[in-house]
Every structure is written in structure tokens, then in C-alpha cells.
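Here is a two-chain model to walk through. Keep the viewer open as you read.

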Amino acid sequence: MSEQTATAPAERINLLKVLGPVHVWALGVGIVLVGEYMGWNFSVGKGGAYGSLIACWFIGLLYTCVAMIDSEVTSTVAAAGGQYAQAKHIVGPLMAFNVGLYLVLAYTMLEAADALVVGDLLAIVAGQFGHPDLDPKPFVVLTIASLAWLNYRGVFMTLTVNFIITAVAFIALVVMFFWTQPWNPGAVLLHEKLLTDLPYGWIGVIAALQFGMWYYLGIEGTCQAAEEVRSAGRSIPLGTMSGMITLLIAATITWYMAAGLLPWEYLGQAGVPMYDAAQMTGSPTLMVLLFIGTIFSAIASANGCINDASRSWFSMGRDRYLPIWFAAVHPRYRTPYRAIIFLIPVAVAFGFTGLLDQVITFSILSGLLGYTFMSLNMMKFRKSWPLDSIKRGYVHPFHPLPALSLLILCGATYFATFLGYGASLLAIMGFYIIASVWFHFHRYKYVRRADQFTMPWPKPQGY
Amino acid sequence: MDFWDILSYSAWIISAGLLLWMLMDAIRINREYDEDLLISSREGADELLEADEKGGRS
């Protein structure tokens, strides 16, 4: 009992505002880029190579809407929790609770899946070096523990590391793109021989939409940094939009290289398609580079996910949607340390299931539910707080077109998900309905209703 | 015991060390600081926009 006795009661410990647009970019692209290295290619299995390209751009439009909407709203809500904080201020507590839960589960499961990828890749390498039965579990735990430790020690170093490893993973893709000589068709890339018509017609293209989300899933995580950037009004829009541009480029060149090196029948079920594509070039240097890129992208994704899940959990605790004990900030490192520690066993438990497919499906569906809310949220935001009522760091163009487009695109993606994972979709919706009932009838009585709204906003129009 | 076995045991040991370090640090912080101070954070506002407003810029 030394330091606290000397502090004045009015003193507060807040999260540290040390991040810039580069860190926001690293957070968003870092979470997503692993989807370029693996996962997106399952869309090829559903709709063929061209079907995957259509899904890539169609879902790219969905995420561009997400990025624009997020940038505008977050430039006014400089709060950790991202979409959770937005929902709380704009729609209401029940929506906020659900969105917070989507975020925590989506990011924690994605983190577990990333750690599983690291463990599985090391097991494959061990197999190639004469140790065929390496248990991936210690490496899954090491990945989660070391990244949680990094997050615990401070956000600046966490996202600086993320920037470096994400940049390396992105550069690996760009190097491979130029290596394959896209200006010289037929030299390395064999599109003329490998590309076919849509193998399952347009219904296959619809089915491909679900896996098309892998190209961009997680870019919305940038707004979790809103409370820790030096200027949310400028840094969040800049980091998010530049991240989205990076991903559109990465997604397109990834498809172009893989579709020109591997037949769609193989590509549609490959575990590590970009590493396989590098093997097809016959270049050992590229193989090493793409292996490093794959590992780095998985680590960057897990790192960003720990950051985002802990901020959501912390924010929900701060508003007493969860026990306020989780709202503690470390007095030295200025991180939500209890939320970070609490989510470690949750991620390890998901990781130990080994059910990569189910874990990822739950994560994607949780994300999709969140995007659906965002379109409704945006329309209510502009109606309740018109442009001249709150100062925004960024105003997205063509409103309400992006919000409506997002709603329609989400509807199409739900249909695609229902085609492939109908039972999972219904089970997940059932889970969230039960959680909502628990929140409404049990948890909400602990919430101090006035305390949760601390942003200096005017009253909404029509209040 | 080959290289990969040693690597696996090392991964377990390092993980346990990191987790233990975080737990010990969290317990120490919980003891040294008042709970009200630890949970005192509030949603932030964008200080740059506030500065703009104070400066009279729109």
C-alpha cells in the first residue's frame, strides 16, 4: 500500500494515447492478412477461380462500406470497444451487449485459429525434418502466451511489432507477384490453361461469398484502437482506409498468382495455398519467404485479435455490462491487464479443440452479425446526429448508399452461409438470443445507466 | 530426445514462465493499488478535436 495512498481521489488511470495511423494500419491489416495466405481459397472450391474473384470484389465492396462507416462513427466515438461503444451510444444497451459479445468471441476464436495455424505449420516442418508426430499444443500455448505478454506490457510495442511483421508478410506477397512476371503471361503464370468457366454456375458464386470474407475479415478491428490513438478523428480514418486499400491490392494479387499457378480443384481445398503456389514456382527462396510470410501473418493476426478482444471485454466491464473488475487499467503499462489475462484460457481452450473449421465459422458469423448492425447503426447515427450536430474527423460520401449496400451484401452473405453452414448459423443465433435474455433479465440491473454515456455529444434529434 | 522434443519442452516452459509472470504482476498490482484507482478510466475524447474547438476552428 504505497503509491495509491498518495494519489488524489480525482486521479484517473486511462489507456495510453500513443498510437498513430501506422499502428491503426498494422492492427487492421495485421488481423486480416493471414486470410490472404490461407482460407480465401475455399471460395475457389465453392465457385471456381472466377467465382472466387467475383466473391473477392463483391465482399471487397462490403468491407469498403464497413471501413467507411467505421471511419466516420469512430472519428466521433474515441472509445475502446469499437463497434460496441458505437452501438451503446447510437442504438442502446441490448444491441451494445450483443455487439460486444460478437467482437470478443470473433476475435478470441480467430486468435485461437491463428495459434492453431502456427502450431500446425511447425508440425508440418517437423514432419519434413524426420519428426512426424510433433504435438502442436505447446506451440499453440506459446503463441498465445507470448502475444498476451506483449499486449500486457503495452500497446505501443505490441502494434509496432505488428507493423513490422505485417509489412514483411505483405512484402512477401508483393515479391512473389513480381517474381511470377505478370507482364509476361505464360512464362510462370498459366491462366490460359488453368482458368475454367464457373464449375457450379452462379449458385456456386453465391456459396463462395462466405469464404470471400477471409480476404478482409477483421479490418473493422481498427476502431478498437480509438481510445489509444493520439487523434482518433484523423488516425482512425487514415489507418482504416489505407488498410482497406492495402487489402484490396493484396487480395487481388493473391488471387491472380494462385489462380495462375494451381488448378482450381486443388486450390479449393489447399491448407496453405500460397506456400503451395510458391512451391510451384520451383524457387526455394520464394518458398522460404512465403513460409515466413504465413507464420508472420498468423502471429500478427493473433496479436491484433488479443488487442481487440481485450479492449471489447474491458469496455463492457467499464460499463458494468460485465463485472467492473475487468475494467482495470495497469498503472504502469496502461493496458487492460485483467481482460488480457482472463481471455488467455478462453483462447487456449478454443485452440485445444483443434476444430479449426468450426472455430473459424463461429468467428465469421459473429463478424457478419456485427456488420449487419453497422448498416442500421449508420442510418440511425446520421438521422439522430446530422452532420452539423457533431464534429466528425471523417464524413463518408454517398450516404445512405454504403449503409444500404452493406445491408444487402450482408443478406446475400447470410444466404451463402446458410447454404454451407445452416445448422451452425442457427445455433449461433440461438446462442446470442439466450445471451440477450440473460443480459436483459439479469445483468442490466447492475448497469449504472447514466455512467455509461460519457461522450460530449448533444442530445439526438427528436429526443 | 531430439531437437523437436527439446523445442516442445522449451515452449511449455517459456509459456508457463510468461503466464506466471503476468499472474504475479497482476496480483502485485492488485495489492499495491486501490481498486477505485485501477477501474477509474473513462471513455476518451479526441483531444485534437477539443483543441480545434477551443481554438475556434470549425
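Leaving aside its neighbours within four places in sequence, which residues is Leu15(A) in contact with? The partners are Ala80(A), Glu227(A), Glu228(A), Val329(A), Arg334(A) and, from the other chain, Ser41(B). Two residues are in contact if their C-beta atoms, placed from the backbone, lie within 7 Å.

Some ground rules come next. This is a predicted model, where local features need pLDDT of at least 70, side-chain atom pairs count only at pLDDT 80 or more, and totals for chains, interfaces and linings use all residues. Residues are numbered from 1 along each chain as its sequence is written, while chains are lettered from A and ligands numbered from 1 in the order in which they are written.

Stay with Leu15(A) for a moment. Leu15(A) sits in the loop between helix 1 and helix 2 (21–32) of chain A. Helices (H or I, at least four residues) and strands (E, at least two) are DSSP runs, numbered from the N terminus. Is Leu15(A) buried or exposed? Leu15(A) is buried, because 23 other C-beta atoms lie within 10 Å. The cut-offs are these: a residue is buried with 20 or more other C-beta atoms within 10 Å of its own, exposed with 12 or fewer, and partly exposed in between, with C-beta atoms placed from the backbone. Ala79(A) is 64 residues away from Leu15(A) in sequence, yet the two C-alpha atoms are 10.0 Å apart.

Now step back to the whole of chain A. Its secondary structure comprises 17 helices and 0 strands. The radius of gyration of chain A is 22 Å, close to the 23 Å that the globule rule gives for 463 residues, so chain A is as compact as a globular protein of that length. That radius is taken over C-alpha atoms, and the rule is 2.2 Å times the number of residues to the power 0.38. The C-alpha trace of chain A spans about 70 × 50 × 40 Å along its principal axes. Of its 463 residues, 56% count as buried. Among contacts in chain A with a separation of 6 or more, 82% join residues 24 or more positions apart.

Chain B has 3 helices and 0 strands. From the N terminus on, its elements run α-α-α. Of the 58 residues in chain B, 24% are buried.

How do the chains meet? The interface brings 47 residues of chain A into contact with 28 residues of chain B. On the chain A side, helix 1 (3–6), helix 7 (137–153), helix 11 (232–261) and helix 15 (337–353) each supply at least two residues. Helix 7 of chain A gives the most, with 9 residues. By class, the side of chain A that touches chain B has 27 nonpolar, 11 polar and 9 charged residues. Here Ala, Val, Leu, Ile, Met, Phe, Trp, Tyr, Cys and Pro count as nonpolar, Asp, Glu, Lys and Arg as charged, and the others, Gly among them, as polar.

Next, the helix packing. Two packed helices are described by the angle between their axes and the distance between the axes. Axes are lines fitted to C-alpha atoms, for helices over the stretch in contact, and angles run from 0 to 180 degrees between N-to-C directions. In chain A, helix 6 (residues 93–128) and helix 14 (residues 284–318) have axes that come within 8 Å and cross at roughly 155 degrees. Helix 6 and helix 14 of chain A are therefore roughly antiparallel to each other. Angles under 35 degrees count as roughly parallel, over 145 as roughly antiparallel, 65 to 115 as roughly perpendicular and the rest as oblique. The residues of this contact between helix 6 and helix 14 of chain A divide into 17 nonpolar, 6 polar and 3 charged.

Helix 14 of chain A also packs with helix 13 (residues 273–281) of chain A, at about 175 degrees with the axes 8 Å apart. This pair, helix 13 and helix 14 of chain A, is therefore roughly antiparallel. From helix 13 of chain A come Met274(A), Tyr275(A), Ala278(A), Gln279(A) and Thr281(A), which meet Leu286(A), Met287(A), Leu290(A), Phe291(A) and Thr294(A) in helix 14 of chain A. That contact has 7 nonpolar, 3 polar and no charged residues.

Finish with the backbone. A cis peptide bond joins His399(A) and Pro400(A), with omega about 10 degrees. Pro400(A) lies in the loop between helix 16 (356–384) and helix 17 (401–441) of chain A. Gln181(A) is not a glycine, yet has a positive phi of about 50 degrees. Gln181(A) is exposed, with 12 other C-beta atoms within 10 Å.
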